[in-house]
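Please find below a colleague's note on the structure shown here.

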Amino acid sequence: VVEQTGGSGSELTNCTINKSGGDVDLSSAIEIDGTLTLTAGYLDASSNAVTFADGGTTSGASAASHIKGTINKNTTSTSAFTFPIGDGTEYEPLTITPNSTSANTWQLTYSVSDHGDRNMGCLLSSER
């Protein structure tokens, strides 16, 4: 079950993911302007990214509910943001706290790859 409050098309004000089995696959990229609530199930952003607008937030992420794929965060503040990311098995959140109010887009993609004793690969980039 996906519930949407406000917004239109690919721009959502608030959205809740609550799916007991399988993934919610995105057929196009979406932008969250309000809050994405992750209750149950996975939001698959492998082919189409989820972008959180400057005021966009997330709540409820866990091993049972997070985003798989690519997440973008647009920001002009120094407020912390936690990327609710994983691979559907592992939940590996990452928190950033920008050190300036310059406009930035942070992008995080989670992928599993072998790094010796570790089974996690993470790519974080910032574009100005």
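1. Threonine 75 is buried, its relative accessible area being 4%; buried means under 20% relative accessible area, exposed over 50%, and partly exposed in between (1.4 Å probe, protein chains only). This threonine belongs to strand S6, which covers residues 67–75. Strands are DSSP runs of E with at least two residues, and helices are runs of H or I with at least four, numbered from the N terminus.

2. The model is a predicted one: local features need pLDDT of at least 70, side-chain atom pairs count only at pLDDT 80 or more, and totals for chains, interfaces and linings use all residues. Residues are numbered from 1 along each chain as its sequence is written, and side-chain values use heavy atoms, with hydrogens and water left out.

3. Which residues surround threonine 75, leaving aside its neighbours within four places in sequence? Threonine 75 is in contact (heavy atoms within 4.5 Å) with Asp54, Pro98, Ser102, Ala103, Asn104 and Trp106.

4. As to the overall fold, the protein has 11 strands and zero helices. Of its 128 residues, 36% are buried. Among contacts with a separation of 6 or more, 26% are between residues 24 or more positions apart. The protein exposes about 6,500 Å², of which carbon and sulfur atoms supply 46%; accessible areas come from the Shrake-Rupley method with a 1.4 Å probe, and for residues only the protein chains shown count as cover.

5. The largest nonpolar core has 22 residues. Such a core is a set of buried Ala, Val, Leu, Ile, Met, Phe, Trp, Tyr and Cys residues joined through side-chain atoms within 4.5 Å. Those with the most contacts inside this core are Ile32, Leu36, Leu43, Val50, Phe52 and Ile67. Strands S2, S3, S4, S6, S7 and S10 each supply at least two of its residues, and S4 gives the most, with six. In soluble globular proteins, nonpolar side chains tend to be buried together.

6. The count of salt bridges comes to one, the rule being a side-chain nitrogen of Lys or Arg within 4 Å of a carboxyl oxygen of Asp or Glu. Aspartate 23 pairs with lysine 68, the closest N and O atoms being 2.6 Å apart. This pair links distant parts of the chain, from strand S2 to strand S6, 45 residues apart. Aspartate 23 is partly exposed at 22% relative accessibility, whereas lysine 68 is buried at 16%.
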